[in-house]
Amino acid sequence: MVKHIILWTLREDLTEQERLTVMTDIKNGLEALQDQIPGLKEIKVVTEGRLASSNCDLMLDCTFTDEAALKGYATDPRHVAVADGKVRPYTKGRTCLDFEI
């Protein structure tokens, strides 16, 4: 099994309402991929409960059957559509950690 963790920071020019909308859209778009991508066992986007000590805005937490499934997810058109339409236009920073469990 492989974990895929992404932390994003949203663009600073977004209003508070835009930030809430963007986070909801990212969460809904990515979590809708559950049962759609081969090898994707679990996908969760955390948008609430962030403490003041945090230095990012939201987190993606995925579990894949193996590294090949993670690579397939990265290029799957359904994932790319969410990333290009709902994530990349609104984020300024991305940190990724992939590891075996």
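Predicted model: local features only at pLDDT ≥ 70, side-chain atom pairs only at ≥ 80, totals over all residues.
Colleague: Which elements give two or more residues to the lining?

Modeller: Those elements are β1, α2 (67-75), α3 (77-87) and β4 (91-100). The largest share, 5 residues, comes from α2.

Colleague: And how do the lining residues divide into nonpolar, polar and charged?

Modeller: There are 9 nonpolar, 4 polar and 5 charged residues in the lining of the largest pocket.

Colleague: Arg88 was one of the central residues there. With which residue does Arg88 form a salt bridge?

Modeller: Its partner is Asp84, and the closest N and O atoms are 2.4 Å apart. Asp84 itself is partly exposed, with a relative accessible area of 43%.

Colleague: Why can such side chains pair at all?

Modeller: Side chains that carry opposite charges can pair when their charged atoms come close.

Colleague: How many salt bridges does a search of the whole structure find?

Modeller: The search finds 9 salt bridges. One of them joins the side chains of Lys71 and Glu67, at 4.0 Å from N to O.

Colleague: Where do Lys71 and Glu67 lie?

Modeller: Both lie in helix α2, 4 residues apart, which is about one turn of the helix.

Colleague: What about Asp76 and Arg78?

Modeller: Their side chains also meet in a salt bridge, at 2.8 Å from N to O. Asp76 counts as buried because its relative accessibility, 9%, is under 20%. Arg78, on the other hand, is partly exposed at 39%.

Colleague: Which residues are linked in a network of salt bridges?

Modeller: Arg19, Arg50 and Asp57 are linked in that way.

Colleague: A change of topic, then. Which residues form a nonpolar patch on the surface?

Modeller: Met1, Leu97, Phe99 and Ile101 form such a patch, and together they have about 390 Å² of accessible area.

How values were computed: Residues numbered from 1 in each chain as written. Heavy atoms only, no water. Patch = residues over 30% accessible without salt bridge, like charges linked within 9 Å, V, L, I, M, F, W, Y side chains within 5 Å. Areas by Shrake-Rupley, 256 points an atom, 1.4 Å probe, with all protein chains shown as cover. 1 Å grid on protein atoms, 1.4 Å probe; cavity = no way out; pocket = protein on both sides within 12 Å on 5 of 7 lines; lining within 4 Å. Nonpolar A, V, L, I, M, F, W, Y, C, P; charged D, E, K, R; others polar. Buried < 20%, exposed > 50% of the residue type's maximum accessible area, 1.4 Å probe, protein only.
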